[in-house]
Each structure stands twice: as C-alpha cells, then as structure tokens.
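This report concerns a single protein chain. Its sequence and model are shown first.

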Amino acid sequence: MNIFTSNISHRSFIWQLTALCFILGLILSATWRVVTQFSRAGTGPQREGFVYGSSMDTAKKLEDYQSEIKHLRDENQKLNDELARRRGGADTINQELKDARKFAGLTDLVGPGVEVILNDNTKQSVSANEPYTMQNLIHDTDIEEVVNELRASGAEAIAVNGQRIVATSAIRCVGPVIQVNGVPTTPPYVIQAIGDPNALWGGLNLPGGLLQQLREVSPTMVKVERIQKLHIPAYAGSTQMRYGRVPASSDVNETPK
C-alpha cells in the first residue's frame with residue numbers, strides 16, 4: 001500500500017469516527033430532553049387536582065422522545081458495525097458491545113415466552129352496601145411482584161405496556177395511573193417476558209402466589225398465555241450516569257466515608 005492509499009484510508013476512518021461522535025452527541029441531547037421532561041412532569045410534591053389529560057399529553061411527548069432516542073441508537077449501532085467491518089480486528093469488540101447492549105435492554109428482542117394481562121375487576125357491582133374495594137384494583141406492587149417472579153423464573157427480557165424493564169426502571173403509583181419508566185400507563189397492564197415459556201408459566205402459577213390471589217377475587221383480573229414469538233422493544237430512556245464511575249486503581253485503598 002503506498003502513502004497516498006494509506007492517507008485516503010486514514011481520512012475515511014476519521015470521517016467515520018466524526019460521524020459516530022456526532023450521533024453520540026445527538027443521543028445525549030435527546031436524553032437530556034427526556035430527563036428535563038421528567039422533571040417538568042412533576043417529580044416534586046403532587047399538586048391537588050391531578051389532571052389526567054395533562055398526564056396523557058406528557059406520556060405522548062415522552063413516547064416521541066423515546067422513539068427519537070431509539071432511532072439515534074440504531075444509527076449509532078450501524079456506524080459501529082461499519083467501523084468493525086472496515087477494521088477486521090474490532091469484530092470481537094463489536095460483538096461484545098452487541099451482547100452488552102442486549103443484556104442492558106438497549107436492543108429489541110424476539111423469542112418465546114409468556115404474556116400476562118392484569119386488569120381491574122370491572123364486573124363487581126358498586127352500591128352503597130357493596131363499595132368498590134381496593135382489592136378489586138391492580139396496584140403498582142402487583143405489577144412489581146409479577147416482574148420479580150418472571151425474573152426469578154429466568155426471564156431474559158421483560159416489558160410492561162411496551163416499556164422495557166431494566167436495572168433503573170421504576171414502577172410506581174402516581175394519582176390515578178401507574179408510571180413505568182416515568183410513562184403513565186392504564187389498565188389492562190400487559191406484561192411480556194422472553195424466556196422458557198413453561199418455566200415462566202410455572203413460576204407465575206405457584207400455589208398461593210399473587211395470580212392465585214387475584215383469581216380468587218375475580219378470574220377476569222388475570223390472564224396468562226404461553227407465546228412462541230414475542231417482540232419486546234428496547235429501553236428508550238436515559239442511560240447517562242451522573243455519579244457512578246468505574247473505579248481507578250487509586251480508589252481501591254480509599255476508606256468509605
């Protein structure tokens with residue numbers, strides 16, 4: 001290879017690296033917009049008169065931002081693939097990066113598993129003598145318990161109403177809705193999990209478990225189905241860490257305060 005050809009190859013790599021940095025900058029910018037939207041959505045004390053319509057508007061904006069982040073991450077992965085193709089020695093590193101992204105929930109996944117549908121008991125009559133009790137409603141703790149049982153049964157990927165569950169996911173009740181990853185959701189709550197369908201189904205239907213308790217209130221509150229091909233979307237929220245960092249050698253001997 002002569003000097004002229006080597007120079008062209010070097011410039012090509014610089015342009016690819018510049019494009020990769022540009023895509024990463026767009027991802028960070030979109031992530032900051034999502035985080036800002038979260039803070040404006042009311043992470044402080046709840047005001048009286050929770051406005052349901054406003055919550056749904058916020059959810060729509062968050063979904064739009066998450067779609068934008070997912071698109072940018074896909075473009076970033078394409079650039080990584082192209083760089084690895086042009087630089088054969090980076091194939092192993094690129095494969096490890098892909099595996100890490102799958103494990104972290106940053107890529108779509110398809111595979112067999114189960115689908116759980118939790119719904120409020122809509123068949124109970126409401127009268128002065130028979131009030132609508134809290135046990136007829138699906139709570140955030142019910143969803144958390146199902147998610148934990150799926151994890152314990154070997155689920156490799158979980159989503160609740162289309163929201164991918166990752167290490168930083170939060171499921172909590174806010175006013176009349178349950179938020180998953182900060183996005184308001186309403187019943188029915190569709191929980192999908194990829195894994196061994198029989199193992200997942202068996203873990204969910206243990207005697208005395210949550211699903212049995214819900215069925216005792218009303219069989220219509222729970223539906224569990226084995227599915228041979230599920231599609232679970234990637235997590236589209238922020239992955240930026242503000243406080244955590246990889247420890248350096250000087251951190252090993254530091255005394256915790």
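The model is predicted: local features need pLDDT of at least 70, side-chain atom pairs count only at pLDDT 80 or more, and totals for chains, interfaces and linings use all residues. Residues are numbered from 1 along each chain as its sequence is written, and side-chain values use heavy atoms, with hydrogens and water left out.

**Confidence.** The pLDDT, the predictor's confidence in each residue on a scale from 0 to 100, has a mean of 78 over the protein chain, and 67% of the residues reach 70 or more. Helix H1 (residues 3–40) has the lowest confidence, with a mean of 56, whereas E7 has the highest, at 98. Within residues 3–8 the pLDDT is below 50, and this stretch has 1 contact in the model beyond near neighbours in sequence; a contact means heavy atoms within 4.5 Å. Residues 38–52 also stay under 50, with 12 contacts beyond four places in sequence.

**Architecture.** The protein chain contains 6 helices and 8 strands, taken as DSSP runs (H or I, at least four residues, for helices; E, at least two, for strands) and numbered from the N terminus. Their order from the N terminus is α-α-α-β-α-β-β-β-β-β-β-α-α-β. Of contacts with a separation of 6 or more, 76% join residues 24 or more positions apart. Among the 257 residues, 35% are buried, that is, under 20% relative accessible area with a 1.4 Å probe and protein chains only; exposed means over 50%, and partly exposed lies in between.

**Nonpolar cores.** A nonpolar core is a set of buried Ala, Val, Leu, Ile, Met, Phe, Trp, Tyr and Cys residues joined through side-chain atoms within 4.5 Å. The largest has 26 residues, of which Leu118, Ile143, Val146, Leu150 and Ile191 touch the most other members. Elements giving two or more residues to this core include strand E1 (109–118), helix H4 (140–152) and strand E8 (222–232); H4 gives the most, with 4 residues. Beyond four places in sequence, Ile143 contacts Leu118, Ile138, Val160, Ile171, Ile178, Tyr189 and Ile191. Another core, of 7 residues, lies apart and includes Ala157, Ala159, Ile194 and Ile227.

**Charged pair.** The structure holds 1 salt bridge, defined as a side-chain nitrogen of Lys or Arg within 4 Å of a carboxyl oxygen of Asp or Glu. Asp99 and Lys102 form this pair, at 4.0 Å from N to O. They are 3 residues apart in helix H3 (residues 91–104) and therefore separated by about one helical turn.

| Residue | Relative accessibility | Class |
|---|---|---|
| Asp99 | 36% | partly exposed |
| Lys102 | 40% | partly exposed |
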